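Please read them with the structure open.

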Amino acid sequence: MLSTQTPKKVYAPSSHVNLSCCRLCKSVGDVSHSKNLFAKNNRALLASVEELYGSSLSQNELLPHLVYRPCERRVNNFKAFKNIITETQQSFERVKRCIKVSPSVPRTLKSSKVNEPTKSVLIERGYPGLSSFTFEEILAEMRSLCPTVFTILCITEDGMMSMFLSKIDRELVQVARRETKSVLIERGYPGLSSFTFEEILAEMGSLCPTVFTILSTMIQFDLNQDRNTVPLALIYAVIMFKRFHELSRVQRLPTVLLYSGNASKELIERLNKYGISMAPAMKPKIQENIGSHFLDHAVELVKEGKKFVLVLDNIDWEVKVHDMLFDRVATDDLPDNWPKKSLSDCNMRKLLKLSEQEQRCTKEQYKIFLGRILVELFPVFQFLSDVAPVRTPCRYQAEMSSCAPSSVDEG
């Protein structure tokens, strides 16, 4: 009969093993939703798996090396639940240094105060004990000999809720600290392009185990983890965004989609109020963060000798009054606080109606433009080049005299 102490040697399986199956549960799924368990950036996950398994996992080319997302979430849940158990048990213990007993000497029944006989007031069973019975002395004994029990029994429902909420607040405050480097603080293009809800759940499970347990229980996360991943991560992202607006990685993505779909300003403001998107005023900042990434990429391509064609209709820019050119003469002294009235409130027929003088002036300018076109584009009319005016009359006639004559296309 073999002894349990007999050494054992582990061999590779004799039958063929599907290398695309999960190393933990042996199920087969979409490989794009899996990770290499033995990769360098997954060492923490491997350590959690080995701690849960109770032994190390061997890396062998004949054995699977993938772990799928459901199993990864289960491992993170087990780890978070273990942390909860540890914290709970520590809250029930009170450690006191024992001076008379050396740490290297195991405690015996004689040296253990716990095993010393205790003369409880509840052991008095005769007439003297019944005649002098008071509830106060029982409470005094419980307070001195069973302080943990006394504390738990004395906590009211409001007190228990206060302790619970205080623990949740400590977890969320820790995530909001910049030194924590939450995954929600990635606000540039790399953070938006590599966005996944799974990494948000992984952070919540490790940094906010109490919050994760409560929210996952409320939405019954374990019944359908693939379907409930997005709602759970979105709830966590909204909570953190409302507490600390720099944690806005999730909110920036719907903001970009809303503006791309020409959503109204009122809709975006309402979603921002609910914590789902950014405020409308953040649109330029988000565009700048995304554009700076592509601008750097464009610079690198130009250095490589690539060429570009700019389509002005696809460029989003803002032109202010002092940036405009009137009759090819810059006017920097014009204010930027116009217009004073919205075009939607203007009488466009009255605004665009020309007086007789304006109509005559416009006709004369059209004559000059037509003459220049005939002279420049038709050789038969070049003999009129000395007669056709070079410029149309304008308020900056003196300044325009120092400028080079414009072509027909610029007229």
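1. The secondary structure of the protein chain comes to 16 helices and 4 strands; helices (H or I, at least four residues) and strands (E, at least two) are DSSP runs, numbered from the N terminus. The model is predicted: local features need pLDDT of at least 70 and side-chain atom pairs count only at pLDDT 80 or more, while totals for chains, interfaces and linings use all residues. Residues are numbered from 1 along each chain as its sequence is written, and side-chain values use heavy atoms, with hydrogens and water left out.

2. Of the 411 residues of the protein chain, 22% count as buried. Buried means under 20% relative accessible area, exposed over 50%, and partly exposed in between (1.4 Å probe, protein chains only). Among contacts in the protein chain with a separation of 6 or more, 63% are between residues 24 or more positions apart. Contact means heavy atoms within 4.5 Å.

3. How do helix 8 and helix 9 cross? The axes of helix 8 (residues 197–207) and helix 9 (residues 209–218) come within 5 Å, at a crossing angle of roughly 120°. Axes here are lines fitted to C-alpha atoms, for helices over the stretch in contact, and angles run from 0 to 180 degrees between N-to-C directions. The two helices, helix 8 and helix 9, are therefore oblique to each other. Angles under 35 degrees count as roughly parallel, over 145 as roughly antiparallel, 65 to 115 as roughly perpendicular and the rest as oblique.

4. The contact between these two helices involves L201, M204, G205, S206 and L207 from helix 8, and P209, V211, F212 and L215 from helix 9. By class, the residues of the contact of helix 8 with helix 9 are 7 nonpolar, 2 polar and no charged. Ala, Val, Leu, Ile, Met, Phe, Trp, Tyr, Cys and Pro count as nonpolar, Asp, Glu, Lys and Arg as charged, and the others, Gly among them, as polar.

5. Helix 8 also packs with helix 10 (residues 225–243): their axes come within 9 Å and cross at roughly 60°. That angle makes helix 8 oblique to helix 10. The crossing of helix 8 past helix 10 is left-handed, meaning that the near helix is turned anticlockwise from the far one by less than a right angle; clockwise would be right-handed. On the helix 8 side the contact uses F197, E198, I200, L201, E203 and M204, and on the helix 10 side T229, V230, L232, A233 and Y236. The contact of helix 8 with helix 10 has 8 nonpolar, 1 polar and 2 charged residues.

6. T229 sits in helix 10. At 2% relative accessibility, T229 counts as buried. Leaving aside neighbours within four places in sequence, T229 is in contact with R73, F197, E198, L201 and F221.

7. R243 is also a residue of helix 10, but it counts as partly exposed, at 39% relative accessibility. Beyond neighbours within four places in sequence, R243 is in contact with D169, L172 and V173. The C-alpha atoms of R243 and V173 are separated by 8.5 Å, although the two residues are 70 residues apart along the chain.

8. Does the length of helix 11 agree or disagree with its residue count? At 1.5 Å a residue, the 12 residues of helix 11 (residues 249–260) should span 16 Å, and the end C-alpha atoms are 17 Å apart, which agrees. The expected span is 1.5 Å times one less than the number of residues in the helix. In helix 11, R249, V250, Q251, R252, T255 and L258 are buried. What covers these buried residues of helix 11 includes helix 7 (189–193), helix 8, helix 10, helix 12 (265–273) and helix 13 (283–303). After helix 11 comes N262, with a positive phi near 60°.

9. L45 lies in helix 1 (residues 43–53) and is buried, with a relative accessible area of 10%. Apart from neighbours within four places in sequence, L45 is in contact with L37, V67, E72 and V75. L45 and E72 are 27 residues apart along the chain, with their C-alpha atoms separated by 7.7 Å.

10. Most residues other than glycine have a negative phi. K26 has a positive phi of about 70°; it is found in the segment before strand 1 (34–36) and counts as exposed at 66% relative accessibility. K181 has a positive phi of about 55°; it lies in the loop between helix 6 (157–176) and helix 7 and counts as exposed at 68% relative accessibility.
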